[in-house]
Amino acid sequence: MRAGFPDFRLGNVLATSFTGTLSERHGDAVERIPAPHRLVDWLAVNGLAVDSCTTAQLELARELRESIHAAATAAAIQEALPASAVQVINDCSAQGRAAAILTPEGKRRWLLSSASCVEDALSVIAADAISVIAGERDGKLALCASPTCRAAFFDTSRSRTRKWCDMNTCGNRQKKARFRSRLVST
């Protein structure tokens, strides 16, 4: 990771981790991919290494991120998916030329074409979003209980009652606030 930028918030689901590149959406927003090279960094950390990224590709990535967030939020609260978000997700999914390959260790890895690597990587993220939003995986979409965050996340806990997008940030922050309020009231 390059110094001077906020850490990435990584999760087990590619699409919702990607939406986490903008956090605290209802508070002091934290942009984790403010420049093209940070998108390159994020993609590399998530197994989608690309050589470079243009400003236009970064803008496309942000448009996809916001579309996934809008569609995942709607799905989590069981509302109709925004048509514009669905269109962006579908367009990004269709324009890539990535291929899934099986590693000798039995893991899936993505092979990106050399011509348009960022678009290929975005197509993988869009396809992952489609799988999650369509309910093809074991788990459920939920929204973080933090009023400043409200990030969409994929809950795979046994009871499907997870409250926080990330216990180490949002959950911990809420626990500390409750603890402090108990100290003040006693």
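These legends walk through several close-up views of a predicted model.

**Figure 1. The whole chain, before we zoom in.**
Let's start with the overall layout of this predicted protein. There are 6 helices and 6 strands to find your way around. The protein has 186 residues, and 42% of them are buried. Take the contacts between residues at least 6 apart in sequence: 54% of these join residues at least 24 apart.

The average pLDDT for the protein is 87, and 89% of the residues reach at least 70. Helix H3 comes out with the highest mean among the elements, at 97, while helix H6 (residues 167–185) has the lowest, at 69.

**Figure 2. A look into the largest nonpolar core.**
This core brings together 39 residues, and Phe18, Leu39, Leu64 and Ile125 are the ones with the most contacts inside it. Helices H1, H2 (36–45), H3, H4 (83–95) and H5 (117–133) each give two or more residues to it, and so do strands S5 (140–143) and S6. The top contributor is H5, with 10 residues. Zoom in on Leu39 and, setting aside neighbours within four places in sequence, you'll find Leu39 in contact with Phe18, Ile33, Cys53, Gln57, Leu58, Ala61 and Val118. There's also a second, separate core of 8 residues, with Cys144, Ala151, Cys165 and Cys170 among them.

**Figure 3. The largest pocket.**
What is the volume of the largest pocket? It comes to about 380 Å³. There are 19 lining residues, and Leu10, Gly11, Phe153, Arg162 and Cys165 lie closest to the pocket's centre. Helix H1 (14–19) and strand S6 (152–155) are the elements that give two or more residues to this lining. Sorted by class, the lining has 8 nonpolar, 8 polar and 3 charged residues. One of the residues closest to the centre, Cys165, also belongs to the second core.

**Figure 4. The second largest pocket.**
Next up is a pocket of about 270 Å³. Its lining counts 14 residues, with Asn12, Val13, Leu14, Asn46 and Arg108 closest to the centre. H1 turns up here too, supplying at least two lining residues, as does strand S4 (108–111). By class, the lining splits into 6 nonpolar, 5 polar and 3 charged residues.

Rolling a probe the size of a water molecule over the atoms shows where empty space is left. Here, the structure holds 1 cavity of 30 Å³ or more, and the largest cavity has a volume of about 40 Å³. Which residues line the largest cavity? They are Thr19, Gly20, Leu22, Ser23, Glu24, Arg25, His69, Cys149, Ala151 and Ala152. That makes 4 nonpolar, 4 polar and 2 charged residues.

His69 sits in helix H3 (residues 55–76). Is His69 buried or exposed? His69 counts as buried, because its relative accessibility is 11%, and the cut-off for buried is under 20%. Leaving out residues up to four places away in sequence, His69 touches Thr19, Arg25, Arg150, Ala151 and Ala152.

Terms used. Residues are numbered from 1 along each chain as its sequence is written. This is a predicted model: local features need pLDDT of at least 70, side-chain atom pairs count only at pLDDT 80 or more; totals for chains, interfaces and linings use all residues. Side-chain values use heavy atoms; hydrogens and water are left out. On a 1 Å grid over the protein atoms alone, a cavity is a set of points where a 1.4 Å probe fits but cannot get out, and a pocket is an open set with protein on both sides within 12 Å along at least five of seven lines; lining residues have an atom within 4 Å of a point. Grid points are joined across faces, edges and corners, and a volume is the space filled by probe spheres set on the points. Helices (H or I, at least four residues) and strands (E, at least two) are DSSP runs, numbered from the N terminus. Ala, Val, Leu, Ile, Met, Phe, Trp, Tyr, Cys and Pro count as nonpolar, Asp, Glu, Lys and Arg as charged, and the others, Gly among them, as polar. Buried means under 20% relative accessible area, exposed over 50%, partly exposed in between (1.4 Å probe, protein chains only). Contact means heavy atoms within 4.5 Å. A nonpolar core is a set of buried Ala, Val, Leu, Ile, Met, Phe, Trp, Tyr and Cys residues joined through side-chain atoms within 4.5 Å. pLDDT is the predictor's confidence in each residue, from 0 to 100.
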